[in-house]
Amino acid sequence: MADILYTSWLIARKDLAIEFRTRSAFFSAVVFALLALAIFYYAWDPTAVTATDLAPGVLWVIFTFSGLLGLHRSFGVEMSDRAIDGLLASPASREAIFLGKALANLIFVAAVQLVAIPALVLFYNLPLTSIAGPLIAIAALAAIGLVAVGTLFSAMAVNTRLAELLLPMLALPFFVPIVTAAAQATAKLLSGRPVVEISAWLKLLVAFDLVFVVACTVAFPFTVED
Amino acid sequence: MPSENSSTATSAATPVLAVSDLTRSFGPRRAVAGVSFTLLPGECLALFGPNGAGKTTLLRVLAGLLKPTSGNARVSGIELPGGALARGQVGLISHHTMLYEALSPRENVAFAARLYGIRDASARVDDALRRMAMIERADAPVRSLSRGMQQRVSIARAMVHSPRLVLADEPYSGLDESGARSLTALLEELRSAGTAIVIVTHNLVEGLALATRAAVMKAGKFVRTDAAERIDRGSYAVTYREALAAGG
């Protein structure tokens, strides 16, 4: 187990170092998130829909699509000059490769959220300071589920000619339970409901995370082994 | 001619690589069709053949990147695909560099070393890069290096964990004369130290310089194998062409 965790960290650190050098996916995701926020803001009629009703949907739609940009990059960096062969020919276990990739993707998604959530607060003038703790918990749980599913499908899609299309087609149906739970929980928090009222949604997110982290880790070797 | 055994002089030693009736198919096409051979420590098999003969597929199976369709291959007695233990004994050089362009040579080789379980890797990494004359460019991004320099880094990456078996697919691709000399010297040194080598190349001279055995592959099969003492390096090009013609 310690070996798997060490190897996962090595792979995650390598992926983050590459992203830190190039910053291509991060900037793309942040620019996408900010532009989408601005478009939603200017399309919004405050007399018809209140900010607290609209913001949860906006937040989780942006979270989903900006996350996809990072997930697509995850195995894209391995295909350049077949770096993936070096990884698969090494003693690193397939499970460690998956967990390392997922960890790097999780940090990537969290970094995008660190920009997108404060921007959402500014655009919609939301009272987030009182609900910051529970919202961080929702964001973390949603990110884990999204990254587990997205990393698996990124590995499956990367060898296809239509990878940019195939990844969202495969992943988005699996994101529906995450986005639904996260958006519903966020809406309740923003409307001033007590935290206990979102516990069912949080339990759903925890269950989704547990099932899909385990299932995707087990399934991953079949996507890379011929 | 499906099989070839190693020389009797070293037959008591445990084979580093034992391949038995190995077949790998892609749909109806058999890319590797019943190949058998063994390699003892310090042996080098030079594998020649035209494009599409199945040489790269054979190496990818031996590296654990493809599963055999039938037959088996053992690395140090571990049947492939044998997990981390088997893969840890193999060093793979490909015509793809398998490097991350945004990272430096030092970072690429250090990453590989750590994947192979070398925790305090810096001395080994520097040594591997020095051997391939890349120490002075060790911190430049790989993308800024020429194709030949990238190939040198790729070789350093494959050798950093001192593998027992080196699988080299067109390792001279992109190397200049000096790089080719460094590689030959390095492979010769590894072979002398007991590393077994399978080298796939279209260059007969370079392949034969290291070989203790040579094989010609066509349509997935070994159509001719020769021990080093039977190889006439001066006329091997003729032998090679005849083997291809006779191999159907």
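In the predicted model described here, strands β4(B) and β10(B) pair in the parallel sense over four bridges, where two strands count as paired if DSSP finds at least two bridges between them, and where helices (H or I, at least four residues) and strands (E, at least two) are DSSP runs numbered from the N terminus. Within this pairing, Ala46(B) stands opposite Ala214(B) of β10(B). This is a predicted model, in which local features need a pLDDT of at least 70 and side-chain atom pairs count only at pLDDT 80 or more, whereas totals for chains, interfaces and linings use all residues. Residues are numbered from 1 along each chain as its sequence is written, and chains are lettered from A and ligands numbered from 1 in the order in which they are written.

Strand β10(B) also pairs with β11(B), in the antiparallel sense and over six bridges, and Arg213(B) has Ala227(B) of β11(B) as its bridge partner. The hairpin formed by β10(B) and β11(B) has two residues between the strands, and in this hairpin Ala219(B) takes a positive phi near 50 degrees. Six of the six residues of β10(B) are buried, a residue being buried if 20 or more other C-beta atoms, placed from the backbone, lie within 10 Å of its own, exposed if 12 or fewer do, and partly exposed in between. Arg213(B), Ala215(B) and Met217(B) point one way from the strand, while Ala214(B), Val216(B) and Lys218(B) point the other way.

These pairings belong to an open sheet of six strands in chain B, with the order β7-β8-β9-β4-β10-β11 and mixed pairing. Its edge strands, each of which pairs on one side only, are β7 (90-93) and β11 (221-227) of chain B, and the twist averages 15 degrees from one strand to the next. Helix α1 (residues 55-62) of chain B lies across β4, β8, β9 and β10 of chain B and runs at about 150 degrees to β9(B), whereas helix α5 (residues 147-159) of chain B lies across β7 and β8 of chain B, at about 170 degrees to β7(B); axes are lines fitted to C-alpha atoms, for helices over the stretch in contact, and angles run from 0 to 180 degrees between N-to-C directions.

Chain B is divided into domain 1 (3-89 + 163-246) and domain 2 (100-162), with bounds that come from an automatic or database domain assignment. Twelve residues of domain 1 of chain B are in contact with 14 residues of domain 2 of chain B, contact requiring that the C-beta atoms of two residues, placed from the backbone, lie within 7 Å. Helix α6 (residues 177-192) of chain B provides the largest share of the domain 1 side, four residues.

Between the chains, 22 residues of chain A are in contact with 26 residues of chain B, and α1(A) gives the most to the chain A side, with seven residues. The predictor gives the complex an ipTM of 0.88 and a pTM of 0.89. Chain B averages a pLDDT of 87, and 94% of its residues score at least 70, pLDDT being the predictor's confidence in each residue, from 0 to 100. Over residues 1-11 of chain B, however, the pLDDT is below 50.
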